[in-house]
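Subject: Structure handover: pockets, cavity and ligand

Dear colleague,

I am passing on the structure we discussed.

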Amino acid sequence: MSDYKINTKCVQAGYTPKNGEPRQIPIVQSTTFKYDTSEDMGKLFDLEASGYFYTRLQNPTNDYVAAKIAELEGGTAAMLTSSGQAANFFALFNICETGSHIVASSSIYGGTFNLIAVTMAKMGIDVTFVSPDCSVDELNDAFKDNTRAVFGETIANPALTVLDIEKYAKAAHEHGVPLIVDNTFPTPVHCRPIEWGADIVTHSTTKYMDGHGAAVGGAIIDSGKFDWMAHADKFPGLTTPDESYHGITYAEKFGKEGAFITKCTAQLMRDFGCIQSPQHAFILNLGLESLHVRMPRHAENGLAVAKFLQNHPKVESVSYPHLEGNKYYDIAMKYMPDGGCGVVSFEIKGGRQAAEKFMKNLKLAAIETHVADARTCCLNPATSTHRQMTDEQLLAAGIPAGLVRMSCGLEDKEDLIADLKQAFDAI
Ligand SMILES: *Cc1c(COP(=O)(O)O)cnc(C)c1O
């Protein structure tokens, strides 16, 4: 598949049925797999042969879909997880342990921020947050001897900042550690971070990849480029024998191309068990089959809505990286020349009350704690996710009370704009 264009890979990569086999990916709805001899099964446990024995570790449906996502991102191996949260946790914890340190962009998804700043801190893993726009010197200053990974989001949810992937990759590599990029918002249709130097890519497949608000899930993709052995002292989990897994040294046995995902499956999936259900993987694949058709429409609608909002007298400001004049316009065009995503945020004049009234008047855009599916939805953090905060606290956190985050779906853009228009007229 690897010579085909991304549009073809979205439809056909990952699963090639043989003569007489199902055309659609089969849902292997089985927790377990049968063997004729204990010896046969033993080879699987020893990672001597590849195959399936228990769905908590691996399942064929999930592997077909993971293989497709690996091809879409241009990686050598991939795995599915039960959620985007699990994907980011696994990607980091696969190479970090108590005493490790992470350098992370401060502009990331709230759940990931909490995961790193609070929960992983309890495990003794330290973090330094840096602004996505920091200078090269500021970025380099964030590293310590025990730094093991750098983390950022291509387009951050919900801040809509854009990560300068090459800058972050260069700094990571100069310090002998990999760059992990959460590529949920643009998807590989609009940005492939590995082509710009990222080593590991993660996804909340719950968002555009599924694209229909139907199945929570996550994915981790390895570029196969990071040389663990060249930095063996930093990554003992990959470069020394795993006594919990028959003394295997992952980087030796599976090389640069396979070590990261094999360890993540054999160790973290075994012990934490955050597997995606085969049903969800099947649903995810239906989404992937049209990802290349949907993403340009999401981006087209996002840009049209951003342009409309920019000129509206009741709007204080608009944030959309692909809108000319946006702070991130140039780097958005560098990394995502064909467009970004459908998420736009804007501040309504008149604060919390105006935002609440405006949203109540919307007919097409529903109020939801979600982004990135086929139906347009919106959220006012001040009256929902951040409602415990005062207006002053909100301002300090960079979330004005009148801020609305809108995720433009796949409807007709003229209908979406007309809906916004009538809702503004009513306030
Ligand atoms: C939603 C989201 C996550 C978390 O994913 P879940 O599937 O909800 O666990 C992580 N990163 C980004 C950028 C997201 O938008």
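The notes below cover the pockets, the cavity and the ligand.

Please keep in mind that this is a predicted model.

Largest pocket

The volume of the largest pocket is about 1,400 Å³. Its lining is made up of 49 residues, and I108, G110, N157, P158 and A159 are the closest to the centre. Two or more lining residues come from each of α4 (84-93), α5 (110-122), β8 (315-319), β9 (343-348) and β12 (403-407). Helix α5 has the largest share, with five residues. By type, the lining has 24 polar, 19 nonpolar and six charged residues.

Ligand

There are 15 residues around the ligand, and those that come nearest are N157, D182, S204, T206 and K207. N157 is also among the residues closest to the centre of the largest pocket. For S204, a polar side-chain atom is 2.8 Å from a ligand oxygen atom. Backbone atoms take part as well: a polar one of G84 lies 2.9 Å from an oxygen atom of the ligand, and a polar one of Q85 is likewise 2.9 Å from a ligand oxygen atom. The ligand taken alone exposes 380 Å², of which the protein buries 92%.

Second largest pocket

The second largest pocket holds about 620 Å³ of space. Of the 30 residues in its lining, Q58, D63, I261, T262 and T265 are nearest to the centre. The elements α3 (60-73), β1 (77-81) and α10 (250-272) each give at least two residues to this lining. The lining consists of 19 nonpolar, nine polar and two charged residues.

Cavity

How many cavities of 30 Å³ or more does the structure hold? There is one. The largest cavity has about 40 Å³ of space. Around it are V305, L362, A365, T376, M406, C408, L416, D419 and L420. Helix α16 (residues 413-425) gives the most to this lining, namely three residues. Seven of the lining residues are nonpolar, one is polar and one is charged.

Regards

Note on methods:
Residues numbered from 1 in each chain as written. Predicted model: local features only at pLDDT ≥ 70, side-chain atom pairs only at ≥ 80, totals over all residues. Heavy atoms only, no water. 1 Å grid on protein atoms, 1.4 Å probe; cavity = no way out; pocket = protein on both sides within 12 Å on 5 of 7 lines; lining within 4 Å. Points joined across faces, edges and corners; volume = space filled by probe spheres on them. Helix = DSSP H or I, 4+ residues; strand = E, 2+ residues; numbered from the N terminus. Nonpolar A, V, L, I, M, F, W, Y, C, P; charged D, E, K, R; others polar. Near = heavy atom within 4 Å. Polar contact = N/O pair within 3.5 Å; in protein donor to acceptor, adjacent residues only side chain to side chain. Areas by Shrake-Rupley, 256 points an atom, 1.4 Å probe, with all protein chains shown as cover.
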